[in-house]
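Colleague: Before I use this model, I would like to go through the terms attached to it and hear what each one rests on.
Modeller: Ask about any of them, and the value will be set against its cut-off.

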Amino acid sequence: MHFHDRGAPADDGSSNHTPRQLPADVRQFVNRTDELDQLNAVLADEAGRPLVISVCVIAGTAGAGKTSLALRWAHQVQERFPDGQLYVNLRGYDPGEPVTAQEALHRFLPALGVRPSSVPQDPDAAAALYRSLLADRRILIILDNAATVAQVRPLLPGSKDCLVVVTSRSRLSGLAVRDGARRLTLGTLPQPEAVALLRAVTAGYRPEDDADKLTELAELCARLPLALRIAAERAASHPHMRLDDLIADLRDESALWDALSTGDDEEAEAVRTVFAWSYRALPDQAARLFRLLGLHPGPEFGLHAAAALSALTPGRSRQLLDSLVGAHLLEQTGPDRYQFHDLLRAYATDQATQEEPAAERDAALHRVLDWYLHTADAAQSWISPAEPHLDLAPPTAGARPGTFTDYDAAVDWAEREHTNLLQAVRTAASAGHDDRAWRLAGVLANARYPSAPTADWPAVGRIGLAAAQRLGERAGEALLLTELGMGYARTNQLAESHESHRSALLIWRELGDRLGEAHSLNLIGLFHLRNRQLTEAADHFAQAIAVFHEQGSAHWAATTLSNLASTHYGAGRLPEAATVTQQALEAHRSLENQRGEGNILRLLSQIECEQGETEKALGSARAAVDIALTLRDHRLEGYWLLPLGDAQRVSGALADALESYQRSATLHRRLGNRSREAQAWHGAALTYGRLDRGEEAAHFHRLAAMAHRDLGDTWDEAQALDGLAATRLGDDPATAARHWTEALGLLDGYDDPRATALRDRVQRDLAAARPQ
């Protein structure tokens, strides 16, 4: 059995996961024969290198044409890619934030069988995992609407058996020069195909129109697919209106745009003309909803967010959204979920600016931001029930925030709205709504779904912190510094974490906030524990526990008591650790705190294992992992798998131990926690040693030692070097002695009982390894 990354299973446990299929909205009547032949020629190329097709558009507004061609071709050749097709809209030209390569990987990797929470936070690690999963597969990948090479390059597989199609309004020359991309430039539709599209959409809805009139209508739309479809839908919805009258209406709109524009981009003006033509035909309420949706923080949204923007009931909002979908001004992506084409979103935003008074725009933005803020606050009650809620003003009238009936409903909503919540912080800050910006960031810190990427919140946390500082909101500033400190710790940015917590502590003391002060003391204690500064850690934990008891905060007193127990265990003081662990376990169970119970069971398992109570240790560790699975929290699962692997190794269940360590390492790699990944490698190395597989043991000890060295973790590096020396002793005593000598140097300065015992034993082993 080899210890390697096999990838996480699909959520349903199946090993036959099918990647998400491409959208099927492909118009068969648009032939594009020449371009399809060119695509087929690329497919037949056996050059043995990655093939990238950049479907570029000379005019920046012909987006729908390139997408339709790529999707139609993908549909035709799907049998050539038996392992499936992947699609992502990179939104390179959207008015909001484009989709980054890292965000795209967070969509692709789950489609390839990786649990969402297990996707690596490090961009290079995520890209490497993506390439490894594609290495033995034949998959077609569509990267739609790319604006820059940086969005695309990390998504290129290394396998010759996969093919990537990149659609863009830019030429993306870097892909051709560096990555060998084939370029296919796609212009507007030929006249016969433009007319065919109009006929296909209107067929069955109105009498057959004169070909010359259809040609005239097609030319007014600049033969651009998106404009043609909107115009055709307008014609189909007015079956008794003469085409001459529709053309006259469109010419009137065209004249209006001509007067307002410079005429530098005729095709862009044609698209805006058709948008205006369709938009002005909407009933007043539908038109207002359309332009207000342009203010939404993200391009994809739900029914209730739309209702908040418009201050209408969900029922009425659904009716209006349906009418916008029917007019091809919106796309429905799921039950009560909608999205804009990026050009239409820009147009809606423009219309809101032109037609909505500033006060109305502000009111709509306030409503939707309040809807996200208060609904996230409701989700926090389920996701992080022990965390204190922010004091929030009542939501703006018309916002109608959501509520949740159980934990899973709250987590599902937080996962679905994750991108919008992040963008809501940015939107609030950009609009000058600093109070909402920092509160959104603060609530989101505790309302993220458990498997959310750990690296995305600090960016908006810093935005929220700046907003709180501008307002002089010292409590908000301290809160966000605290959350940033925890976020930094999860990605091993320990110096930044320590500085954030120290700054927060000063503010809490300035404000006389004893509970905030206790939280900072506890978190600074964790920093010292992580750095094996055990005396300082115990001192901070003791101070925090006293204040938590003083403030009547039983939950956090129990949590900090667990941290104190970990400090005793780390120092090798097992009797004290066992006593405090039992106290903490009783406290967590009395409070029905599952996270706290699972964490102290993790520690109890380690103590039981070291005391020789192997069966008890196995039971405690399994119970902890079960809690993590119930909470859908893979960060906790990865951590609590480490003591389970230890207990399995000590009990002789070596295959099970390797499986636990492998799963833990995989989760921590994808979470970006190199320290705990290396701890899993160390456990695997010890297990291979028990199996008399010395080379594999040495390999994983080396990996662990290098990782801990990079992180400046001298204690864990010394343990890895000790293990590495033991694997070399039989074959190469001189190398073993060198590793033990290095380990002894790293152990200098540690004076706790565990460190003293380790140093004494290493000195004995070193003496035995040296020639007499």
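**Terms and their grounds**

Modeller: In this predicted model, buried residues make up 56% of the 772 residues in the chain. The chain has 35 helices and 8 strands. Its accessible surface comes to about 31,400 Å², and carbon and sulfur atoms hold 50% of that. Of the contacts with a separation of 6 or more, 68% are between residues 24 or more positions apart.

Colleague: What makes Leu631 count as buried?
Modeller: The cut-off for buried is under 20% relative accessible area. Leu631 has 7%, so Leu631 is buried. Leu631 lies in the loop between α28 (614-630) and α29 (634-651).

Colleague: Which residues is Leu631 in contact with, leaving aside neighbours within four places in sequence?
Modeller: They are Tyr407, Pro450, Gln594, Arg595 and Leu636, where contact means heavy atoms within 4.5 Å. Gln594 is 37 residues from Leu631 in sequence, and the two C-alpha atoms are 8.5 Å apart.

Colleague: How do you know that Ala478 is buried?
Modeller: By the cut-off of under 20%: Ala478 has a relative accessibility of 0%, and therefore counts as buried. Ala478 sits in helix α21 (residues 474-490). Beyond four places in sequence, Ala478 is in contact with Ala504, Ile507 and Trp508. Ala468 is 10 residues away from Ala478 along the chain, with 9.2 Å between their C-alpha atoms.

Colleague: Why are β6 (300-302) and β7 (331-334) said to stand at the edges?
Modeller: The open sheet has 3 strands in the order β6-β8-β7, with antiparallel pairing. β6 and β7 each have a single partner strand, so one side of each is left without a neighbour in the sheet. From one strand to the next, the twist averages 35°.

Colleague: What makes β7 and β8 (residues 337-339) a pair?
Modeller: At least two bridges are required for pairing. β7 and β8 have 3 bridges, in the antiparallel sense, so they count as paired. Gln332 stands opposite Tyr338 in β8, and Gly334 stands opposite Arg337.

Colleague: How many residues lie between β7 and β8 in their hairpin?
Modeller: There are 2 residues between the two strands, and Asp336 in the turn has a positive phi of about 60°.

Colleague: Which helix lies across β6, β7 and β8?
Modeller: Helix α14 (residues 314-326) does, running at about 40° to β8.

Colleague: Why are α12 and α14 called roughly perpendicular?
Modeller: The range for that term is 65 to 115 degrees. The axes of α12 (residues 284-293) and α14 cross at roughly 85° and come within 9 Å. The angle falls in the range, and α12 and α14 are therefore roughly perpendicular to each other.

Colleague: Which residues make that contact?
Modeller: From α12 they are Gln285, Ala286, Leu289, Phe290 and Leu293. From α14 they are Arg316, Ser317, Leu320, Leu321, Ser323 and Leu324.

Colleague: How many residues of each class are in the contact of α12 with α14?
Modeller: The contact has 7 nonpolar, 3 polar and 1 charged residues. Arg counts as charged and Leu as nonpolar in this scheme.

Methods. Residues numbered from 1 in each chain as written. Predicted model: local features only at pLDDT ≥ 70, side-chain atom pairs only at ≥ 80, totals over all residues. Heavy atoms only, no water. Helix = DSSP H or I, 4+ residues; strand = E, 2+ residues; numbered from the N terminus. Buried < 20%, exposed > 50% of the residue type's maximum accessible area, 1.4 Å probe, protein only. Areas by Shrake-Rupley, 256 points an atom, 1.4 Å probe, with all protein chains shown as cover. Axes fitted to C-alpha atoms, helices over the stretch in contact; angles between N-to-C directions. Parallel < 35°, antiparallel > 145°, perpendicular 65-115°, else oblique.
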